[in-house]
Amino acid sequence: VSDTITIPSDALPFVRMGAHDLIGDAAEAISTVNDAVGREDHPERYQAPFAWLARVRALLDAIGWRASETAEVTVSLVDHGTALCETVDNMLSISINALQEAKASEREKAERRVRVLLDFGSVLDGAYVLRSRNDPRVRALHKSAAELLS
Amino acid sequence: MSNISIPADAVRILRNAVHTEIGQDAYEIQSVSETGQGDANPEQYAGPLKRFDAHRALLDAIGWRKPDSDEPVQIDAERHRAVLVSTLERRLAVERDLAHESDPSLKGADRQRQTAEGYARTIEGFLRTLYGHTS
């Protein structure tokens with residue numbers, strides 16, 4: 001099993017978009033802790049969302065924050081595997097919803113995005129040993145993507 | 001390294017203020033993300049992420065958790081001075097607003113005004129020290 005994974009050039013823009021989306025989710029999770037009563041009595045509640053934000057920032061540092069014509073990028077699975085899986089799962093879920101709601105004129109583009117993410121998700125599954133093949137949520141996501149594309 | 005001592009009464013107000021600032025930073029990061037243009041304009045994250053890191057570092061220095069009773073805290077003035085001043089200046093503006101805008105007909109308004117005035121005095125006193133402090 002390799003310690004690194006290469007994000008192909010067709011998947012990279014979608015991974016980057018997914019990471020930009022997740023950074024907002026992580027920030028929202030921080031706001032939730034911040035808005036709750038007792039934030040100064042239980043600062044440990046910040047730990048999980050802070051770690052989440054740090055993971056996504058580190059992934060974006062590795063793959064590049066800016067949309068560009070960048071070719072494939074190789075990243076460390078040890079450092080970025082968790083964030084990469086979160087990002088791909090998140091983006092696949094968004095893309096499945098977009099495909100389900102796509103007008104006829106948008107369908108081809110939406111299908112391509114789901115296909116690219118599904119393909120890369122499968123590579124990630126095979127490469128990243130900590131990603132459970134038996135994770136029912138991921139399995140359901142891949143199943144609905146495959147059904148939509150069939 | 002030049003240290004500065006934050007008086008106990010100011011530490012309590014400061015801690016609460018920095019927590020509030022972290023919430024604002026998170027809101028700004030989320031706002032950039034929600035534009036859907038983060039990958040086109042990633043520089044828009046720079047300001048809120050920089051402030052977020054600075055506020056976290058300041059809370060690391062003064063303590064995140066509210067203790068039973070606050071003690072004076074020594075922190076590295078060179079490292080934290082800018083974020084300390086900006087945080088306290090913003091909180092001072094809030095306390096002044098609360099002191100002047102509380103509706104006297106509302107229950108508890110007088111107490112709120114007195115608390116805000118007290119906090120404002122504490123912040124003003126410590127800010128004078130900070131303005132005069134050269135790191």
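Predicted model: local features only at pLDDT ≥ 70, side-chain atom pairs only at ≥ 80, totals over all residues.
Me: On which residue is the kink in H3(A) centred?
Reply: The axis of H3(A) bends by about 30 degrees.

Me: Which residue caps the N-terminal end of H3(A)?
Reply: The backbone nitrogen of Val78(A) has a side-chain oxygen 3.2 Å away. That oxygen belongs to the capping residue, Ser76(A).

Me: What area is buried between chain A and chain B?
Reply: The contact draws 24 residues from chain A and 24 residues from chain B. Glu40(A), Phe50(A) and Arg57(A) supply 27% of what chain A buries against chain B, more than any other three residues. Carbon and sulfur atoms give 56% of the area buried between the two chains, which is about 2,200 Å².

Me: How far apart are the closest N and O atoms of Asp53(B) and Arg57(A)?
Reply: Across the interface of chain A and chain B there are three salt bridges. Asp53(B) and Arg57(A) form a salt bridge, and a salt bridge needs its nitrogen and oxygen within 4 Å. Here the closest N and O atoms are 2.9 Å apart.

Me: Which element gives the largest share of the side of chain A that touches chain B?
Reply: Between the two chains, 15 residue pairs are in polar contact. On the side of chain A that touches chain B, the elements giving two or more residues are helix H1 (12-35) and helix H2 (47-63). The largest share, 11 residues, comes from H1(A).

Me: How many residues on the side of chain A that touches chain B are charged?
Reply: That side of chain A includes 10 nonpolar residues and five polar ones. The charged residues number nine.

Me: Which residue does Glu111(A) meet in a salt bridge at 3.1 Å?
Reply: Over all chains, the structure holds 13 salt bridges. The partner is Arg107(A).

Me: In what order do the elements of chain B run from the N terminus on?
Reply: Chain B has four helices and two strands. Its C-alpha atoms fill a box of roughly 50 × 45 × 30 Å along the principal axes. From the N terminus on, the order is β-α-α-β-α-α.

Definitions and conventions: Residues numbered from 1 in each chain as written. Chains lettered and ligands numbered in written order. Heavy atoms only, no water. Bend = angle between axes of the 7 residues up to and from the residue. Polar contact = N/O pair within 3.5 Å; in protein donor to acceptor, adjacent residues only side chain to side chain. Contact = heavy atoms within 4.5 Å. Buried area = accessible area lost by both parts, 1.4 Å probe. Salt bridge = Lys/Arg side-chain N within 4 Å of Asp/Glu carboxyl O. Nonpolar A, V, L, I, M, F, W, Y, C, P; charged D, E, K, R; others polar.
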